[in-house]
Amino acid sequence: MNGYDLIAHCLKAEGVTWMPCFPANPLIEAAARVGIRPLVFRQERGGINAADGYARQTRGAPPGVFASQSGPGVENSFGGIAQAWGEAVPLVFLPGGAGLSGYDVSPNFSATKNYASVTKLALSIDRIDRTATQIRRAFHTARQGRPGPVVVEMHGDVLGRQAPEGAAEQYKPSTAMRSVPFGGDIKDAVAALLKAKRPVIWAGQGILYADACAELRAFAELTQIPVITTMQGKSAFPDDHPLALGSANRTAPKAVFKWLGAADTVLAIGSGLTRTGFGLPIPGGKFLIHSTVSAEDINKDYAVDLGLVGDAKLTLEAMIDEAKAELGEDGRAEDSRTASEIAATKAEWLAEWAPLLNSDETPINPYRVIREINAHIDHANTVLTHDAGNPRDQIMPFYQAHEPHGYIGWGKTTHLGYGIPLVIGAKMADPSKFCMNFMGDLAFGHTGLEIETAVRAEIPITTIVINNLTMGGYDEKMPVAMAKYGVGNQSGDYAGVAAALGAKSIHVEEVAGIGPALEDAKRANAEGQVAMIEIRTRQETRFSTYPDLLVPA
């Protein structure tokens with residue numbers, strides 16, 4: 001057994017069952033020998049994004065794993081790992097190294113040096129007797145605290161050697177550690193929320209990672225405090241719940257803006273509270289309670305009044321106990337005033353958007369596409385994701401995510417094309433789900449060939465491409481270049497490309513064709529076939545934003 005074989009045995013012990021990879025790495029063969037399925041993608045970023053989608057759905061148990069070759073493979077992987085870093089996704093990246101004689105010599109690309117800024121830990125295996133130790137450190141670090149990617153550089157002149165006898169049998173897999181905040185801080189947090197006149201909960205991706213969705217719902221119902229989910233936290237709280245305000249990308253339902261602006265107290269839980277141009281800011285003048293697994297997040301971007309460091313599930317369990325001690329077992333469950341106000345605001349908002357959601361125009365309005373998606377899928381058994389740009393900003397407020405992990409929200413670093421490989425990884429995590437991504441024509445150009453990966457690997461996903469023949473909104477950002485040279489316009493038959501790659505492909509030109517196309521795609525997926533729907537749409541630059549409501553009256 002050499003070092004690569006030992007690493008494969010360690011991966012197996014950590015629960016790894018498949019490994020996205022590209023294009024060559026001795027670990028691929030070693031993984032196959034122990035029953036881990038290697039899956040070659042069309043390029044590095046696709047494989048990393050697939051590992052990312054898988055890790056989100058498994059909640060890091062196990063993390064996603066990706067292997068690349070040395071040199072150009074490490075260089076080309078940077079964007080995917082940077083995306084995972086920005087999105088707090090637990091990944092273990094296993095690239096080849098240049099060897100002991102050259103891994104720190106220019107111009108050889110050093111993974112440990114160059115990835116240090118976009119990983120939680122950057123390791124290099126430069127001694128065969130430390131192989132298992134470094135792999136354990138990588139898996140441990142990826143999952144603890146704020147999740148994130150870890151890189152372990154593998155040098156062939158080290159890992160090609162004989163591994164220490166018994167190392168595979170002696171390997172102990174990592175375990176996740178959880179903690180709960182100090183009881184006095186829990187008591188103070190609950191007291192502040194119960195005395196608040198207009199409190200709100202800001203729930204992030206950490207709720208999903210901690211498997212704390214049931215506890216979040218129980219606490220909200222007990223206290224009758226409405227809930228906003230972040231872009232990454234969408235699906236942590238049911239969008240059809242009476243206390244659900246919606247999800248906050250830079251676009252959001254009207255109720256999100258209204259409650260966030262008027263709130264006097266905010267409980268942010270499972271969120272790093274990172275300020276980003278792709279999310280809403282929390283206005284000042286509020287009592288801010290910040291609950292997170294990472295102490296470094298507290299007072300990072302916002303001045304926090306009360307910090308709670310600990311696992312979201314354990315924290316909410318403690319807050320539920322404290323709230324029941326103050327309010328009784330049923331709490332404020334009989335008080336429906338907040339739910340009634342939310343329902344009225346939602347009705348008002350949907351009435352404003354009805355002309356677009358119900359539009360019969362040709363080319364098709366993208367908001368009508370979203371309405372048809374909501375009408376034709378089984379929300380309880382679907383995993384949906386968006387892509388970057390206008391598709392994200394359009395679908396985030398209106399798509400209804402009813403079950404935990406039913407939506408994969410992302411966008412802090414907005415890599416185009418993320419959606420296709422991401423949903424491949426989600427399907428690998430739960431083959432029973434209908435897995436679909438919603439993207440624009442520009443995004444398809446980045447990772448569209450990964451449709452072939454899904455076909456070849458028999459991973460039946462559905463992709464919807466809304467094709468408006470241009471880069472949405474860019475005629476306003478660069479009017480001269482657009483008017484003079486048409487610089488942002490594109491053309492192409494994307495469904496035709498998908499058909500050539502082996503997928504069931506459907507063109508939709510009229511509103512009446514959207515529903516039947518979705519039904520055809522579901523049937524195709526159920527029969528093991530990859531599906532692609534290209535819908536000819538108009539450019540739409542109206543978005544659900546109400547910035548004036550963020551400023552308290």
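A crossing of two helices is called left-handed if the near helix is turned anticlockwise from the far one by less than a right angle, and right-handed if clockwise. By this convention the crossing of α1 and α2 is right-handed, where helices (H or I, at least four residues) and strands (E, at least two) are DSSP runs numbered from the N terminus. The structure is a predicted model, in which local features need pLDDT of at least 70 and side-chain atom pairs count only at pLDDT 80 or more, whereas totals for chains, interfaces and linings use all residues. Residues are numbered from 1 along each chain as its sequence is written, and side-chain values use heavy atoms, with hydrogens and water left out.

Helix α1 spans residues 3–13 and helix α2 residues 26–33, and their axes (lines fitted to C-alpha atoms, for helices over the stretch in contact) come within 8 Å and cross at roughly 55 degrees. That angle makes α1 oblique to α2, given that angles between N-to-C directions run from 0 to 180 degrees and that those under 35 degrees count as roughly parallel, over 145 as roughly antiparallel, 65 to 115 as roughly perpendicular and the rest as oblique. On the α1 side, Tyr4, Asp5, Ile7, Ala8 and Leu11 meet Pro26, Leu27, Ala30, Ala31 and Arg33 of α2, contact meaning heavy atoms within 4.5 Å. By class, this contact has 8 nonpolar, no polar and 2 charged residues; Ala, Val, Leu, Ile, Met, Phe, Trp, Tyr, Cys and Pro count as nonpolar, Asp, Glu, Lys and Arg as charged, and the others, Gly among them, as polar.

Grid points are joined across faces, edges and corners, and a volume is the space filled by probe spheres set on the points.

The largest pocket has a volume of about 930 Å³. Its lining comprises 45 residues, of which Pro147, Gln205, Gly206, Tyr209 and Val293 lie nearest the centre. Two or more lining residues come from each of α5 (78–87), α11 (205–209) and β11 (287–292), with α11 providing the largest share, 3 residues. The lining divides into 17 nonpolar, 20 polar and 8 charged residues.

The second largest pocket, of about 590 Å³, is lined by 33 residues, and Ala388, Gly389, Asn390, Gly472 and Tyr474 are the closest to its centre. Helix α17 (390–398) is among the elements that supply at least two residues of this lining, and α17 gives the most, with 5 residues.

There are 2 cavities of 30 Å³ or more. About 80 Å³ of space lies in the largest cavity, whose lining includes Arg56, Gln57, Gln205, Tyr209 and His405. Elements giving two or more residues to this lining are α3 (44–58), α11 and β14 (407–408), and the largest share, 3 residues, again belongs to α11. The second largest cavity holds about 40 Å³, and among its lining residues are Val16, Trp18, Pro20, Tyr54 and Val65. Here β1 (18–22), α3 and β3 (64–68) give two or more residues, and the lining divides into 8 nonpolar, 2 polar and no charged residues.

Terms used. On a 1 Å grid over the protein atoms alone, a cavity is a set of points where a 1.4 Å probe fits but cannot get out, and a pocket is an open set with protein on both sides within 12 Å along at least five of seven lines; lining residues have an atom within 4 Å of a point.
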